[in-house]
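Please open the structure in your viewer and keep the selection tool at hand. The tour below goes from one selection to the next.

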Amino acid sequence: MSCAQTFHDYAFRSLGYGERLLPRSDFTLCEQFTLIGSGLVWNIYFGVLALFFGFFLATAVAVARDSRLLAVRKPAEWFIFVFRGSPLFIQFFLAYQAFVLLPRNGIELNLVFTQITADTHLLTRAWAGALIVLFLNPAAYSGEIFYGALRSVPKGDLEAADAYGMAGWTRFRRIVWPTMLRLAWPAYTNEAIFLFHATTLVFFSGFPAWQQKGDALYYANYFADKTFNPFIPYPIVAFYFILVTLAIVGLFGLINRRLNRHLPAENRPRLRVRPQVIR
């Protein structure tokens, strides 16, 4: 089988298109690259959704934590403390218990999110739980980053806004929020990279693949089990995630330049990627 035919058969297999059966023997390098790349679509899907919705939750958490009202500030502080203080792996396992094992024992969680995903057939109940964890955990870390940036907004900017007669939502939208993003963006870029890397934990945390339509690590593990050689499929996964990381750095770098376009070129902060070895 040619590499072009392999790509045609397996490029979108993780989404349910193409060849239904996985190759059984005589695995080629092209098959491994194609299937693992096909599974990467799910990792990107999880990462993009969690990053998009988590950004707004992180902003809300940061604003709530900076509030003077105790009833608003304390829930935000406890949200950050719980999700930052407990291991991400444990959060995955708890979500698996809540979304998969409890319904098997007759305890149904009537959540709108799981009902929507079940109706659209985009995710299993288990993967919906994994997506919620990926949404909440990085939002807690990002909320702490945004909170620090919010507290670092120069007082001169706020005084200038007051002098122009800005107050409330107008001041936040035009002065506080853009400045907060500008200060927090380098650290938030690292958090976005970690989020995409954390999507590989969906496989290890006990969330099963749906009809053999798994993520990148699912297919890498399949090839490693069949060939007893982990030194080919797992480096392929690492290679794909390096490409994803480079794409994130490039995209967030463009956004960073946009946020700092008003500053002189020599004063614009540059993104520095610092991989988080320990979470």
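Which helix supplies the largest share of the lining of the largest cavity? That helix is α2, with 4 residues; helices here are DSSP runs of H or I with at least four residues, numbered from the N terminus. Before you select anything, note that this is a predicted model, in which local features need pLDDT of at least 70 and side-chain atom pairs count only at pLDDT 80 or more, while totals for chains, interfaces and linings use all residues. Residues are numbered from 1 along each chain as its sequence is written, and side-chain values use heavy atoms, with hydrogens and water left out.

**First stop: the largest cavity.** Select A50, L51, G54, F55, P138, A139, S142, Y188, E191 and L195, which line the largest cavity. A cavity is a set of points, on a 1 Å grid over the protein atoms alone, where a 1.4 Å probe fits but cannot get out, and its lining residues have an atom within 4 Å of a point. The volume of this one is about 50 Å³, where volume means the space filled by probe spheres set on the points. Colour α2 (29-65), α6 (125-151) and α8 (168-198), each of which supplies at least two residues of that lining.

**Second stop: salt bridges.** Next, show the side chains of E77 and R73, which meet in a salt bridge at 3.6 Å, N to O; the term means a side-chain nitrogen of Lys or Arg within 4 Å of a carboxyl oxygen of Asp or Glu. Both residues lie in helix α3 (residues 70-85), 4 residues apart, or about one turn of the helix.

Now move to E144 and R84, whose side chains form a salt bridge at 3.8 Å, N to O. This pair links distant parts of the chain, with E144 in helix α6 and R84 in helix α3, 60 residues apart.

**Last stop: a nonpolar patch.** Finally, select F89, I90, F93, L94 and F204, which make a nonpolar surface patch of about 480 Å². Such a patch joins nonpolar side chains (Val, Leu, Ile, Met, Phe, Trp, Tyr) within 5 Å, from residues with over 30% relative accessible area and no salt bridge. Helix α4 (residues 88-104) gives the most to the patch, with 4 residues, and I90 is found in helix α4.

Methods. Patches are made of residues with over 30% relative accessible area and no salt bridge: like charges are joined within 9 Å, nonpolar side chains (Val, Leu, Ile, Met, Phe, Trp, Tyr) within 5 Å. Accessible areas come from the Shrake-Rupley method with a 1.4 Å probe; for residues, only the protein chains shown count as cover. On a 1 Å grid over the protein atoms alone, a cavity is a set of points where a 1.4 Å probe fits but cannot get out, and a pocket is an open set with protein on both sides within 12 Å along at least five of seven lines; lining residues have an atom within 4 Å of a point.
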